[in-house]
Amino acid sequence: MYLFTKKYYLLLLSVSLLSCRKYVENVPLQGQRVLEYTDDYRALMNYTDLLQTAFGQAPVLSSDDLDYTADALQSNLKTNVIQRSMYTWRKPFYVETNSDYDWNALYSGIYTFNTVINQVMDSKGGSAPIKSGILGEALVHRAFSYFMLVNLYGKQYDATTADKDPGVPLLLEPKLFVDLTRSPVQQVYNKVIEDTKKAIPVLPLKQDINFRPNRASAYALLSKVYLFMRDFTKAAAYADSTLALSAELYDYNTNLNNFPSQYNDKQVLLRKTSRAYPNVMQLSGDLLNLLGEKDLRYSLFVKPGANFYPVFTGFGYWSRDRYSGFPDKQAVGLSVNETWLIKAECLARAGKKDEVVKMLNDFRKMRFKPADYTDLAAANSEEALQLVIKERRLEFFGTGLRWFDQKRLNKDPMYAKTLSRVFDGVTYTLEPNSNGYVFPLADILINQNPEMVQNPY
Amino acid sequence: MAKIFLVMRLIVILLTTSILQVSAGTYAQNVTLKQTGAHLTSVLDQIRKQTGYDFFYSQGMMERAKLVNVDLNKVDIEKALEVCFTGQPLTYTINNKIVTVMEKQPSFLDKVAGYFSSYTLHGKVLKENGEPLPGASVRVMGQNKRYQAGKEGDIFLDDMIGDEILVTSYIGYKSDTLRLHGERTITIRMRAAASNLTEVDIVSTGYQQLNKERATGSFGIVTAKELDQFPVVSVLERLQGLVPGVNISTKTTAGKSRNGTINIRGISTLVSSYTKVSTDPLLVIDGFPSQQSITNGAFDFINPDDIQQITFLKDAAAASIWGIQAANGVIVITTKKGIRNSKPVFNFSTTFGTSKRPRANYGKMMSMTDYIAVEKELIDKGILRDPVLTTTGILPENNSQAQAIIFSAKRGEITDVQRDQQLAALAKNDNSDQVSNLLLQPPTTRQYNLSLSGGGINSSYFISGYFYNEDRSYKSNTNRGYSLKASNVSSLANGHVTVTSDLSVGNTRDKINGAAVRAMSIFSGGLRPYDMLEDNSGNKIYYDVTTVPLIARNLESKGYLPFRYSPIDELDYSNTLNTSNNINLNLAVNGKITSWLGVNVSGNIGRTYSENEIYWEPDSYEARMMVNKGTSLSSTGARIYGLPIGGKLSLGNSLGRTYSLRGQVDVHKNWENKHELNILIGNEIREQYTKSSSETRYGYDKLINSYRIVNPTVGYKDMYGTTQTIGATSGPVTEKTTRALSYYANGSYTFDTKYTVSGSARFDDYNLLGVDRRKRAIPLWSAGLKWNLKNEEFIKNISWLNQLSMRGTYGFSGNAPQGYAPVAVINLLGNDYYTGYPYGLIATPAVDNLGWEKTRMINYGLDFSLFNSRVSGSVEYYRKHSTDIIWSMPINGTYGYSSTLFNTANLDGKGVDIGLNFIPLIEKDFKWTTTLNISYNTNVVHDVRFKTPTGSFSPENLYDGYPSDYLFSYVWGGLDATGQSLIKDPKIPGKTYTVMDYPYQDIREYSGRTTSPWYGSFGHTFQYKQWELSFQFMYALGGVFRKPSVVSIGFSNTVNVGRSGDLDERWRVPGDEAFANVPGLVFGANSNYFQSLGRYSESDYLIRSRSNVKLQQVMMSYSVPPRFLNRYGIKTLTFSAVARNLGMIWAANKENLDPDYLYTTGNNYQLAPVPSFSFRTSLTF
């Protein structure tokens, strides 16, 4: 064996040992990867579970749609401390380490929307219009989420105090561990409006599925936001913009018992739904009186207590998904019917009672069998406004949307009234504009980040 | 890729040059050679090159050759050889330019001389079957000389007086002692080592073969012979109890006999659903990691008869060569190879396993009358409702026979007297015999193995084929498989290059039929205990499940498919077929550059292909109900099919491929028999790729292979009037590639056979998304020391001490934070069920705070052998300290995630492994050996962030100061006057809570660990001539479990009332609380049955100790003596029989429950563990 040969071996081996690190760094693309392509962002913005959350069961349990007078239901409620607190307007809802999944779900969406908003324009492989379209969708979804959050956990918007009232933390970048001080209500509203307006020019007029906002849904969001800010002129204007693009209402006479899936319902402009509902919702006598038995919404959505589990005496809400299958829960996002009623409300507030009555009658023809239908009439704009508010209540009962109306209408003296309900032998009351209208933050959030302030009890 | 080719090219160049090297040179007539202290081999090699003469010799005889000093100058070959062989124990013949080297025979003179004083003893060392055992070593006790048997097993011991004690030893065989009584010739028969671990001299780490004398780390070794000790079908069952510190569980579902889990020395990290770590040890087969993990059925593809040796690498020093893959220890399997220069040997063996017919009545069961009484009570209390009276549009699920009778009395259709008569008649039925006879069967396994091995001068081969066929306890459940293996070792270029290749192909086909399991469950389709399968004349009985008979017959009259259901029919339908194929090719090239330096280049290519097929035949109950439920009636009564008529086929495919390439340099150097150095340095690359997809087809008919295309997104109305959609028919295609690049080095230095230091280091780099190299890869290392006390002068002469050594190792290993990155990572999930669009989600948010999990492990060991190896064993003590364990901790949900990963927990583990072997009795034909294995392992979690227990007790929670497998319980306070549970506050005496109280503070008390810290085995083996009898006991001490009791009672017609016998002891009327502990069926105001039952079933009232001793197995074997076989050309023939699971000898719990086979209550039927038997015949010819 010659010495130089040995050296030659050693040299060869040492060369082979210097395999380069690119081997572990340039790995072929696969299902799980770093966000890189426009399609990756598109996929995120197709994730319907994430996109569709609006709120949880708190609004419907707190609203005057429900009244658990039946013993069986009261007994049921006793075993659920969280539902019990919501129902009796008592705080806290979530103690110790219990999470508020409604809050978490909305912010979970916001993390994804923030990721998309901050990065999609730099992604690879998509044209500029496609990228900006995705950006627009994320902006509207984020605006909607913040609009929900600020109305669930902040005080009702009041121009005089909104710049001081604590809203919710306004996170605009996908970052963990940043300061979580709650931004004032005004600031949250400003951001909602700014984002939505920014989205309008890049959004298409039509989308294939109603999980994706189109231009009409952005207008509808602005209309609703301004309504909540009591800027009725702007609310009306944006309602007009919405209805000019999309004004199709669903006629309940067309095919009773066989609703179109809410994924395909033309009425739905941006599909959002509640994360959860109570199993059984006993409807309040007050609501049943207003509804009457001729209304199609009565025959479709109200059933005697014997149909539910547990069985109870009274009437319960027979939700829409009982017709259309489990995941097709009632849409509580943005819709033509709601925008229609916003427009009517703005008209009433502007004193145009005849136009209001016309809009309402057109609407109600689709909610009654022709044989049962009678025109409404209003003596003055105040009566017209009352008719609109009543119609909103009948159109949306059982969905939770009523709670936001109750909270908002407290600012109108004629609707500001004290509510009360009896639970387990104790009478609970809810004063207009009281702290009971502002949901508490989960204790764990405050414990983890003390810079967040709790809502007053 | 370019790099790989470069590496491969270099290898080729390297090998070619080394081959060329050895055949170069010119021939001369004369020999010129000057060497001092050279090996005879290398001297002969030089002579060969200079003269062109060929040499024949065996490697074994050369190892006994003395070192050679020559100084030759142009001498002829005869002279040269004469010089070289002077004083050698070898001689030679020259014939036609071929030199044949032989063992030297003692001359007549030598023999005569010895006769008068000392003499030379001529021995012959043979295997049990009479074959010679070349290489076996014989030592005279009290002397340092070692003799080695020659190729015919001959051995010559000089200077014998006639009363010496001989000690024999050989790798893989039991050491033995023998006293001489003046014999001049003796025959020594050596027996293969069975449970005598300390006798094994070679350990394999997968990268190298180590001499155990120099190994500092902790190894557990099981040889092929030990695996044959209890020749049952499953390798894991054979391994149970053999190695201290290795805990093997073979409890599996549905009687699949090959699967199970292996745990080596407890845990070193904590497993949660977030952190993606596995607890499986790394399984290495012939140097490369197995494609399947142990829990995923790797042993399905391994022929137990192919296994040569299994080495468990237990401590950090042993395992560190495998880097981060070794976090849970490593199991190295080496397979059998052929032997060079041997005639072809066939080995055939067959194993047949069976057990008693399983009975469906494990655990305490309610009587039929009591069962009906519970149903009646639930109806009377309004919990179960009459499906006939349901007013909603939903068609009600059918109720039980007893419920139908009670409801029909309630509706006034029959009188109360008739009701009671009918119920009494019903209560006479008991279907447990029918279930056992018609739905169950005694499980059987047949296993066949045929192998052929042998070799020529330069190569050897081993070829084997293996087939098994298994019928499980549940009828229509089978598992079949085969594996084929071919291996070849070729020696090229005069032994300078060795090429080893291994090809193995495996296949398993697993058929699962759910009919029996379903019929025995409490869910829809489950039988009530009085539901017979056949009537008295043997006709099948059909039941309605989906809806009540009235509605079902009505729908059938409108053209719906039949609703009828019989579990016996379903045995033929709706099978799940899992087919798996596995191909593996290993290729290794070893080049010997000099006597002390070698290079090794090896590679591995693997492919797996598996298919999962679920086919619902058009006539199956599943398919009929699927179609029926998807069918609605139009206003004219016409059927509208939402789903096509026919069956359904779901197919899932997955493909895996893996390759590895490794280059390694080995150094073995020995100076003056004083210094021994072993070093290996290498690098390797490895890629694993998996791809899977799935699809579903409707309206499928396998007979004609036809199916119907469906529109997945268009809604249809189902039987209940609800709109449904079929949803996506094809699943996502998922792909995953993992790559690793590693550099490793390992070395040891031994001085004077007394002191060994060793060290190992490895650097692993993985593809981790978006993580920079500094965080991705860290070096892992270990170091060890060993002191062979026996070789010290002051101990050497203690005659009763045969072996004594001490060793200690320390190692640092870690786990990379897999799957988390400082950038958001997306998971693409295929098409959305409803919208049809491809969607994805952020699987992990950007996390930039994560580092490695680190484990430091220290191991001390003591190995000893006393009194002529009558007592031997090893004792080891280890500690593990894991820090920065990655665990999910809550963060503020406002960030979008309510938890994220942190390096947080610390885990302290420690344990003891003790393995002892005794030979209490040894006579000429009789031998009694005893083995005792004792293992202890415990751990405790430390981190102040894991607060003491509060509310939830899921395994996802850890608590500071408690072990990871804690069990907490409520302090049972009995029942209150309403029959509901009471729990006591452990801190405030006298304070109790009713079910209406919800105390938030920590009110549960620590009950203990759910695994036994002490466990092990105790075995005896008796050998008498050709007979062998073994017993193995397994024991577990400490730890607790909760006795299964009532968990649920079934609240609807879709969930039956379970048959737990404890429900029978429930509270019924006020006053019962004085003696009853099972909560009553109390509902309504001021009650909470779930809470009541939940607190009862998680209370300390049901806590029991796990301690138990079992007679695990008994084995008897008989080897037919060779003299009966030789005339048939048979070399060996062995029969053996094993009985397993023979039951518990002692259990600490008063119910005598086996804590490893706890039944689940709430179910109707449970299978009890049954003794199993296997019979094996092994034949070599």
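Axes here are lines fitted to C-alpha atoms, for helices over the stretch in contact, and angles run from 0 to 180 degrees between N-to-C directions. Helices (H or I, at least four residues) and strands (E, at least two) are DSSP runs, numbered from the N terminus. The model is predicted, so local features need pLDDT of at least 70 and side-chain atom pairs count only at pLDDT 80 or more, while totals for chains, interfaces and linings use all residues. Residues are numbered from 1 along each chain as its sequence is written, chains are lettered from A and ligands numbered from 1 in the order in which they are written, and side-chain values use heavy atoms, with hydrogens and water left out.

Start with a helix pair in chain B. Helix H10 (residues 401-410) and helix H11 (residues 416-427) of chain B pack at an angle of about 175°, and their axes lie 9 Å apart. H10(B) is therefore roughly antiparallel to H11(B); that label applies to angles over 145 degrees, whereas under 35 is roughly parallel, 65 to 115 roughly perpendicular and the rest oblique. Contact means heavy atoms within 4.5 Å. On the H10(B) side, Gln401(B), Ala402(B), Ile405(B), Ile406(B) and Ala409(B) take part. They meet Asp416(B), Arg419(B), Gln422(B), Leu423(B) and Leu426(B) in H11(B). As background, an α-helix has 3.6 residues a turn, so residues three or four places apart point the same way.

Next, a sheet in chain B. Two strands pair if DSSP finds at least two bridges between them. The order S8-S7-S10-S11 describes an open sheet of 4 strands in chain B, with antiparallel pairing. Strand S8 (146-148) and strand S11 (173-179) of chain B are at the edges; each has a single partner strand, so one side of each lacks a neighbour in the sheet. On average, neighbouring strands of this sheet are turned by 20° against each other, direction ignored. Strand S7 (residues 137-140) and strand S10 (residues 165-170) of chain B pair over 4 bridges in the antiparallel sense. Opposite Val140(B) stands Leu166(B) in S10(B).

Further along chain B, Thr756(B) belongs to strand S37 (residues 755-766). Is Thr756(B) buried or exposed? Buried means under 20% relative accessible area, exposed over 50%, and partly exposed in between (1.4 Å probe, protein chains only). Thr756(B) has 2% relative accessibility, so it counts as buried. Its side chain makes a polar contact with the side chain of Thr750(B) at 3.2 Å. A polar contact is a pair of N or O atoms within 3.5 Å; within protein, one must be able to donate a hydrogen and the other to accept it, and residues adjacent in sequence count only if both atoms are side-chain atoms. Leaving aside neighbours within four places in sequence, the residues in contact with Thr756(B) include Arg214(B), Thr216(B), Gly784(B) and Leu785(B).

Helix H19 (residues 1089-1097) of chain B is mostly covered, with 7 of its 9 residues buried. Among them are Tyr1089(B), Leu1093(B), Arg1095(B) and Tyr1096(B). The buried residues of H19(B) pack against strands S46 (966-975), S47 (981-984), S48 (992-993) and S52 (1040-1042) of chain B.

Now chain A. It has 20 helices and 9 strands. Its C-alpha trace spans about 115 × 50 × 45 Å along the principal axes. Of its 457 residues, 61% count as buried. In helix H6 (residues 71-78) of chain A, the buried residues are Leu73(A), Gln74(A), Ser75(A), Leu77(A) and Lys78(A). Their cover includes helix H7 (81-87) and strand S8 (419-423) of chain A.

Charged pairs come last. A salt bridge is a side-chain nitrogen of Lys or Arg within 4 Å of a carboxyl oxygen of Asp or Glu. Glu395(A) is buried at 10% relative accessible area, and Arg297(A) is buried at 1%. In chain B, Asp884(B) forms a salt bridge with Lys854(B), the closest N and O atoms being 3.1 Å apart. Asp884(B) is partly exposed at 25%, and Lys854(B) is partly exposed at 24%.
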